[in-house]
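Keep the viewer open as you read.

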Amino acid sequence: MVPDPDRWPSSRDGKGFTKVAQIVHSMGLKFGIHVMRGISTQAFNANTPILDVTTGKAYQESGRKWLAKDIGIKERACAWMRNGFMSVDTKSGAGRAFLRSLYHQYADWGVDFVKHDCVFGEDFDPDEISYVSKVLTELNRPILYSLSPGSSVTPAMARQVSRMVNMYRITGDDWDTWGDVAAHFNVTRDFSAANMIGAKGLRGKSWPDLDMLPLGWLTDPGSNEGPHRRCNLNLDEQRSQVTLWAMAKSPLMFGGDMRQLDKATFDLISNPTLLEINSFSSNNKELPYFSSKNRAMRNRSRHSASEPLTLGLTSCTGYEASGWSARATGDDLEQVCWKTNSSNRHGEPFCLYKRQSSLLMDDDLTYKQRFDGKVHLLKSTKTEACLGASPNEKLTSKESKRGSFSPCGRDANQMWELNYNGTLMNSYSGLCASMRTQKGDIFSYYWSLYIIIHIIY
């Protein structure tokens with residue numbers, strides 16, 4: 001792969017981005033590139049040879065040279081750029097040699113950061129991610145590894161690859177509308193509750209990425225050449241966004257034109273208190289609080305029979321997650337029940353009905369593979385309302401009709417797996433259900449955000 005010499009004259013004679021990287025480094029900055037999954041359709045159609053970096057020649061195996069059409073998988077094209085890129089066969093030596101040659105080339109150019117697109121979210125390709133991560137650990141220079149896109153990403157999906165990367169998108173593209181900003185509150189809550197912020201990553205830690213900050217001088221989505229305009233968010237909305245990003249410890253990446261940076265925007269993105277929160281805060285989650293009624297409840301015996309049970313989510317490795325079992329009923333459906341020695345004051349264990357998703361009967365092979373062995377949990381045999389859960393949603397056994405039941409659908413947060421060790425795992429979060437004595441409820445990020453904004457500004 002080589003840059004277009006008409007757009008990048010310094011790349012002529014095989015120099016690639018070396019000169020650009022040198023200039024960026026001379027300014028005290030890091031140099032990053034945005035690359036796509038697998039191999040380009042252009043290279044596939046030209047059927048170019050695969051480079052073997054160990055020999056400097058075309059890759060050979062089984063007595064023949066391997067070409068682009070031997071490794072490209074046309075059926076696995078990038079979802080949002082179907083005519084541009086496709087996956088490569090990472091099971092073949094030639095496919096691995098191709099990926100290895102790309103990242104060795106990036107290292108030779110002096111690249112410090114790679115955003116790898118079309119491999120995450122709805123384009124999830126764990127095989128390519130894991131092999132690229134392996135190659136990066138073998139290079140003679142560190143390269144930060146970022147995944148995209150973030151649409152349909154769940155904490156459970158992120159947990160599969162977080163150790164292999166440094167950051168990964170968890171939302172769709174963020175633009176300068178309050179609707180886009182507001183959509184990040186629940187996502188941020190879920191990933192923080194799942195303990196994904198600052199989890200172990202490639203050569204260090206990994207971080208959920210809320211996308212770039214669309215502040216200052218911008219264009220409209222899909223318009224690379226203008227017309228240009230100022231950010232549509234008002235100052236309070238911009239402060240809210242940057243504060244949320246800092247609290248969530250998201251990588252802070254400015255998405256505006258640096259050449260047109262106004263003082264208000266500069267003051268916002270360089271606020272020392274926000275940067276300190278982003279860099280040095282810890283255990284960032286929603287704030288618990290208790291009303292006077294809750295305080296009275298806390299003073300009762302923890303085992304009081306009058307205290308309602310609460311269904312919450314917790315780590316699947318903790319002792320409090322184990323206690324679920326299947327129970328036959330007179331109906332066609334089995335029940336999933338919390339251990340009977342923790343029944344409510346009427347002596348009845350907390351139970352839900354389990355049923356295989358009828359949506360697994362359709363022709364969507366990917367959906368079938370993803371949720372094979374998973375079930376829907378219904379509150380009764382007479383309704384089509386299924387239990388869903390994000391890491392902080394809670395459902396009291398006494399007042400289940402006010403809980404997270406909604407029409408059964410394809411959402412991962414409605415899919416559950418009962419394991420042999422007595423845990424009940426949610427497919428969205430990767431966390432497990434647990435019944436506890438009700439202690440209180442939860443503030444949303446909105447309230448803690450309001451407090452911090454008024455302290456900082």
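Two strands count as paired if DSSP finds at least two bridges between them. Helices (H or I, at least four residues) and strands (E, at least two) are DSSP runs, numbered from the N terminus. What you see is a predicted model, in which local features need pLDDT of at least 70 and side-chain atom pairs count only at pLDDT 80 or more, while totals for chains, interfaces and linings use all residues. Residues are numbered from 1 along each chain as its sequence is written, and side-chain values use heavy atoms, with hydrogens and water left out.

Start with the open sheet of 6 strands, whose order is β1-β9-β10-β11-β13-β12, with mixed pairing. Its edge strands are β1 and β12 (199-201), and each of them pairs on one side only. From one strand to the next, the twist averages 25°. Within this sheet, β9 (residues 113-116) and β10 (residues 144-147) run parallel and are joined by 4 bridges.

Helix α5 (residues 126-138) lies across β9 and β10, and runs at about 170° to β10. For such angles, axes are lines fitted to C-alpha atoms, for helices over the stretch in contact (heavy atoms within 4.5 Å). The angles run from 0 to 180 degrees between N-to-C directions.

A second open sheet has 3 strands in the order β2-β8-β7, with antiparallel pairing. Here β2 (39-40) and β7 (72-77) stand at the edges, each with a single partner strand, so one side of each is left without a neighbour in the sheet. Strand β7 is joined to β8 (residues 85-88) by 3 bridges, and the two run antiparallel. Ala77 stands opposite Met86 in β8.

Next, consider how individual residues are covered. Buried means under 20% relative accessible area, exposed over 50%, and partly exposed in between (1.4 Å probe, protein chains only). Is Thr265 buried or exposed? With a relative accessible area of 4%, Thr265 is buried. Thr265 lies in helix α9 (residues 263-269), and, leaving aside its neighbours within four places in sequence, it is in contact with Leu215, Gly216 and Phe254. Met27, in contrast, is exposed, with a relative accessible area of 54%. Met27 has its place in the loop between α1 (18-26) and β1 (32-35).

Finally, turn to the backbone. Most residues other than glycine have a negative phi, and most peptide bonds are trans. Which residues depart from that pattern here? Ser62 is not a glycine, yet has a positive phi of about 55°; Ser62 is found in the loop between β5 (60-61) and β6 (64-65) and is exposed, with a relative accessible area of 69%. Arg203 also has a positive phi, near 55°. Arg203 lies in the loop between β12 and β13 (204-209) and is partly exposed, at 49% relative accessible area.

There are cis peptide bonds to visit as well. The bond from Ser148 to Pro149 is cis, with omega near 0°, and Pro149 is found in the loop between β10 and α6 (155-161). Gly226 and Pro227 are also joined by a cis peptide bond, with omega about 10°; Pro227 lies in the loop between β14 (217-218) and β15 (229-230).
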